[in-house]
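Here is a short report on one protein chain. It starts with the whole fold and then turns to two residues.

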Amino acid sequence: MPLNASGASAAGTFSTRPIEKDPYKYQVGFGNLFASEAIPGTLPDAQNSPQKNKYDLYTEGMTGASFVAPRSENVTAWLYRIRPSVAHKGFKRLPDNEDLESCFLPLNPKVHISPTQLAWHPFDLPSDSAKVDFADGLKTIAGNGDPTLHEGLAIHVYLANASMEKRAFCNNDGDMLILPQQGRLDIQTEFGKIMVRSGELCVIQRGMKFKVVLPDGPSRGYIQEIYGQHYTLPELGPLGGHGLANARDFETPVASFDIDQSHWEIVYKVGGQLHSCTQEHTPFDVVAWHGKYVPYKYALEKFVNVGSISKDHIDPSIFCVLTAKSKQPGVPLADFLIFSPRWNVATGTFRPPYYHRNSATEFMGLLYGEYGGRSDGFKPGGASYETGFCPHGVSYDEFKGASESELVPERVHEGTIAFMFESSLMFTITDYAIHRSGKLHEHEPAMWDNLKAQFLNHIDKVNADLKAAGLSELGSELKQ
């Protein structure tokens, strides 16, 4: 496809088609070795770093793993750009964003432990009196570890009312899984452009520069940032070769570039600190690239739900879209799960989640729709949290209805996508989430007050059964 100097993108051997709410094309697949060129014939033939590139472009390599990582984990990219990233004016430290946190160790006085469930009403968008872009609108809710340890994660929300202009952001600390809740994000990356709406995820991996434009005005959403690891698809095991999030449904941008030699600022997050450098050229001048270290997006509505078609409630791992390994074999650092429209058909079964105390820490959010069975005003743009082994489950009313209703095939979560960030790690909660957001409220324990000891209503029958079995009867005090 021919292109003009403004940076129209060329398609590869296969690309998606633009739609009304997304004008861009994408390559498809997860974990592929991709190649894309905005000007045909730009990529060098059979080598990565020729002595002289076509059009006098500069070669720039990017590694997302150790040089000696196993082939399956060794992710790199080669970029061919008008000016290299080293052409800048130096770095300066920016003032701290008091709402942005990266060290979640309990020795940090700005983070807190919660043994109980917490919830937040939808977080407020910035007022019209100040312009707040994506980079300035990051606010941290919870997390674990520290990016300098290359182990742990952070959960943020972004609250923005202004597009980034001659400004880009680069997170050197971790991969960012971004979930818009209100308003699309028009994200320009070094690899090309991505439009992301509510109901889609976008992953921008560590060290990639990007800029966020708000085509629909003020925008709010969620972010999970993981340190030292990358997201992968969960193993399918007995499911076979297909199901859950299929690899073919992930989309990666095609090469697109700007010709712009004006003043730009690049904001870097490094070890939780913000630094910036200025340069006299756009960071989005990559004419061609190839590799497997790339940004990507995925429409959550494409998720293939699986579940029980006979009896019992299957573990929530069947809802896992993406996972990230921890340093402990077989234990995930983070799982990203969704709860979306599906059929419920299990017979003789309590269909909602049973009351449970999992070792995992759970953080939930709602992109759109309604997610019932909670007493906490759980609304799109809000959140809830349970630490590991914190007992939780549906309200009494939900329990009673699920215990007594006729078990017919039913659709659940119609018109809804809720998500969960689940981790094997314990989280701490930030000052912003506890004190400054103004949205915190603890789950109301009264939702379970009516879960009385119904067993005591059956003492006579229990004693009759015990007597028939030749066992001692229960004491008379239980009948009082």
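Helices (H or I, at least four residues) and strands (E, at least two) are DSSP runs, numbered from the N terminus. By that count the chain holds three helices and 30 strands. Its radius of gyration, taken over C-alpha atoms, is 25 Å, close to the 23 Å that the globule rule (2.2 Å times the number of residues to the power 0.38) gives for 480 residues, so the chain is as compact as a globular protein of that length.

This is a predicted model: local features need pLDDT of at least 70, side-chain atom pairs count only at pLDDT 80 or more, and totals for chains, interfaces and linings use all residues. Residues are numbered from 1 along each chain as its sequence is written, and side-chain values use heavy atoms, with hydrogens and water left out.

**The whole chain**

Along the principal axes, the C-alpha atoms fill a box of roughly 90 × 45 × 45 Å. Buried means under 20% relative accessible area, exposed over 50%, and partly exposed in between (1.4 Å probe, protein chains only). On that scale, 52% of the 480 residues are buried. Contact means heavy atoms within 4.5 Å. Among contacts in the chain with a separation of 6 or more, 77% come from residues 24 or more positions apart. The chain exposes about 22300 Å² (Shrake-Rupley method, 1.4 Å probe). Carbon and sulfur atoms supply 53% of that area.

**His313**

The "active site" feature at His313 comes from an unreviewed UniProt entry. UniProt positions are given in the numbering used here, feature names are shortened, and annotations may be inferred rather than shown by experiment. His313 sits in the loop between strand S21 (296–299) and strand S22 (320–325). Its relative accessibility is 25%, so His313 counts as partly exposed. Not counting residues up to four places away in sequence, His313 touches Thr349, Phe350, Arg351, Pro352, Pro353 and Tyr354.

**Asp260**

Asp260 lies in the loop between strand S17 (250–253) and strand S18 (264–270). Is Asp260 buried or exposed? Asp260 is buried, because its relative accessible area is 14%. Leaving aside neighbours within four places in sequence, Asp260 is in contact with Lys166, His281 and Thr282.

**Polar contacts**

A polar contact is a pair of N or O atoms within 3.5 Å; within protein, one must be able to donate a hydrogen and the other to accept it, and residues adjacent in sequence count only if both atoms are side-chain atoms.

| Side chain | Partner | Distance |
|---|---|---|
| Asp260 | Lys166, side chain | 2.7 Å |
| Asp260 | Ser262, side chain | 2.4 Å |
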